[in-house]
Amino acid sequence: MSAPRPDGESAPAASGELLTPLDAVAVGAATIVVDAARPVAAIVTDDEVRFVTWPDAPRPAGAVEEAEVRSTPEGAWVVYRDASGDASPRRTAVHLTPEGVTAAVDLGTGRPIGADASGLWIGDPRDASEWMGTFPGGEELDGGGLDADADADAADLDPSTLPWIPETSFWPDPADWTEPIDAGLAEHDHDHHAFVVADTDDDVGPDDDDVGWTLDFGNPGDVGDSADASSDPQPDDPSPTPPTDLHLLSPAGERSTIRVDHLVDEVRRDGDVIVLRYHRCGPRHETSSFGGGWDVVYEPREVRVDVTDGLPDGVDTDELPWQPAPEPQEEDWEREENRREEVLAPWRDRLDLAGVEGARWPLAPLDQASRDAAVAALRARFERLDEPNIVWTREHPEPRRGRSPYRSLEVETVGSWPTTELLVSFEHADVPFLRLRRRYRVFDDTGWPLDWLWVSVHLDEDIATRQIPARSEAVDGVLDT
C-alpha cells in the first residue's frame with residue numbers, strides 16, 4: 001500500500017528522534033502513546049516498550065493538517081485530516097489496540113462524531129448551517145454595511161484608470177512619533193470608517209484568497225444601522241435537514257449504516273443505548289442584542305435509541321421523544337485540555353524512535369515540476385500585497401485607488417524539498433520603522449504541498465490585531481513574526 005518514493009527515502013523526522021505524544025490512552029495494563037505527526041505509537045507496559053507503525057495506511061491525498069485520537073475501552077482511533085482547506089476535507093482512520101493495528105480505513109469526506117466499544121461513528125461532513133434561512137433574493141446575511149457585491153464589481157475595474165486617494169505619509173514623521181511601550185493596538189490609529197478593498201482578478205470567488213472584504217467600524221446611525229429593525233429585510237425560516245447516513249466503523253474495519261431522518265453531529269453510548277445529537281433544521285436568525293444585526297442560533301436535539309438487540313436499519317427522530325441537547329461548556333473544554341496535559345506530561349522527551357522501522361510516512365511522489373508549481377502557487381499569494389487597492393469609503397462611495405499598507409516586499413525561496421520555505425519580508429504602514437519577516441513552509445515533512453488558504457488575510461489580521469512579537473524583539477530593524 002506504500003506510495004511510490006521518488007528517491008527511495010522516507011520522510012524526515014518531524015522533531016528529532018523522540019516520539020512527540022499526541023495522546024495517551026490506557027487500556028488495561030498497557031498505555032498506547034500515539035505520535036503527533038508520524039505513523040507510530042508506543043505500547044507501554046510495566047515490562048516493556050514496543051512500537052507499532054502504519055506507514056502503508058491510506059492517507060488523505062495531500063498534506064495532513066490535523067491528527068486526533070478518540071479513545072475506546074479496547075484501544076484508540078487515530079484520525080488524520082487533510083490540509084486541503086475544503087469545506088469537506090478527507091480523512092483516514094487507524095485503529096490501535098495493545099496488540100497492534102487492527103484497521104486502517106479511508107473515510108473519504110466522512111466526519112468522525114463519536115467513538116465507543118462498538119467502533120468509530122462517522123457522520124455527514126456538512127454543518128447544519130447549510131439549511132439556514134436566507135434573505136429575500138437568496139443572499140445569506142452579511143451584517144449590513146456597504147454593498148455586498150462591491151468586491152465582485154471590482155473585478156471589472158482597472159485600478160490604473162481610477163483616481164488616487166489623497167496621498168498621506170506611509171510612516172509618521174520620526175520627530176512626531178514615540179516608540180510604544182508594547183505592541184498593543186494603540187501603536188497605530190486606524191481610520192474609523194467602513195471600506196471595501198478588492199483585487200481585480202477574473203477568478204474572484206468564495207475560495208479565492210484575494211477576494212475583497214468589508215470592515216465596518218461605524219457608530220450608531222451609520223450605514224448598516226436602522227432605527228426600526230422590523231423594516232429591514234427579514235430572513236426566511238430555516239429548512240429541515242435531510243435524511244443522512246450514520247456509519248459505524250468496527251475495530252476490524254467493517255462498516256454498518258443507519259439511515260437517520262435528520263443530520264446527526266454527535267453520537268455517544270450509554271450502556272445499551274446510543275444517544276444521537278441531531279439538528280431537525282438549520283439554525284435560525286435572531287436579532288442581536290449587541291450592536292444590531294443578527295445572531296445565528298443553533299437548536300440541536302437529542303434522542304435515545306435502544307440497541308440491545310443490535311443496530312436498527314434506520315431511525316426516525318420525528319417519532320421519538322426528544323430533549324434539547326445541552327450546550328457545550330467552557331469548563332468542559334478546559335477540563336479536557338488539563339486531562340491531556342496530565343496524561344501527556346510523562347511521555348514527553350522519553351520515547352526514542354531511533355531504529356524503529358516504518359516510523360515515518362513515505363515521501364510524496366512529486367516530480368520537480370509539481371514541486372516548482374507548489375512553490376509558485378504560494379509565492380503568488382504574496383507577490384501582489386504591495387499593489388494598489390480599490391477602495392470605497394462612506395465619505396466617497398465611488399471607487400478610487402488606494403496605496404497598499406505593504407511596501408518593499410520581497411519573497412525569497414529557501415531550502416530544498418521537502419523543507420522548502422518562503423521567506424516573506426516587507427514594511428507595513430501599521431508598524432513604523434521596522435521591517436517584518438515571516439517564514440512559510442511550502443510542504444509538510446512528507447513532501448505534500450500545504451494549502452495556505454486565506455494566508456494573506458490571516459497575515460493582515462495578525463498585523464492589525466498585533467498578533468506579532470513586541471518591537472523590542474527586532475534585530476537590526478527586522479522583526480521576525
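In the protein chain, residues 24 or more positions apart account for 59% of the contacts with a separation of 6 or more, where contact means heavy atoms within 4.5 Å. The model is a predicted one, in which local features need pLDDT of at least 70 and side-chain atom pairs count only at pLDDT 80 or more, while totals for chains, interfaces and linings use all residues. Residues are numbered from 1 along each chain as its sequence is written, and side-chain values use heavy atoms, with hydrogens and water left out.

The protein chain has 4 helices and 27 strands; these are DSSP runs, with helices (H or I) of at least four residues and strands (E) of at least two, numbered from the N terminus. Of the 481 residues in the protein chain, 41% are buried, a term that stands for under 20% relative accessible area, with exposed meaning over 50% and partly exposed the range in between (1.4 Å probe, protein chains only).

Helix α4 (455-464) has as its buried residues Val 455, Ser 456, Val 457, Leu 459 and Ile 463, and these pack against β24 (406-414), β25 (421-428) and β26. Just after α4 comes Arg 466, with a positive phi of about 60 degrees, in the loop between α4 and β27 (478-480); Arg 466 is buried, with a relative accessible area of 8%. In the loop between β26 and α4, Trp 454 likewise has a positive phi, of about 65 degrees, although it is not a glycine, and at 27% relative accessibility Trp 454 counts as partly exposed. The peptide bond from Trp 417 to Pro 418 is cis, with omega near 5 degrees, and Pro 418 is placed in the loop between β24 and β25.

Aromatic rings were then considered. Rings of Phe, Tyr and Trp (its six-membered ring) pair if their centres lie within 6.5 Å, and planes under 30 degrees apart count as stacked, over 60 as edge-to-face and the rest as tilted; by this rule the count comes to 7 aromatic pairs. The rings of Tyr 440 and Trp 452 have their centres 5.2 Å apart and their planes at 90 degrees, so this pair is edge-to-face. Because Tyr 440 lies in strand β26 (residues 435-441) and Trp 452 in the loop between β26 and α4, the pair ties together parts that are 12 residues apart in sequence. Tyr 440 is buried at 3% relative accessibility, whereas Trp 452, at 28%, is partly exposed.

Ring pairs also link Phe 170, Trp 171, Trp 177 and Phe 433 into a cluster. Arg 407 lies over the face of Trp 171, at 4.7 Å from the ring centre, and the charged end of Arg 301 sits over the ring of Trp 322, 3.6 Å from its centre; a charge sits over a ring if NZ of Lys or CZ of Arg is within 6 Å of the ring centre and within 35 degrees of the ring normal.

Ala 83, in the loop between β6 (76-82) and β7 (91-97), counts as buried at 10% relative accessibility. The C-alpha atoms of Ala 83 and Ala 63, 20 residues apart along the chain, are separated by 5.4 Å. Not counting residues up to four places away in sequence, Ala 83 touches Ala 63, Val 64, Glu 65 and Asp 451.
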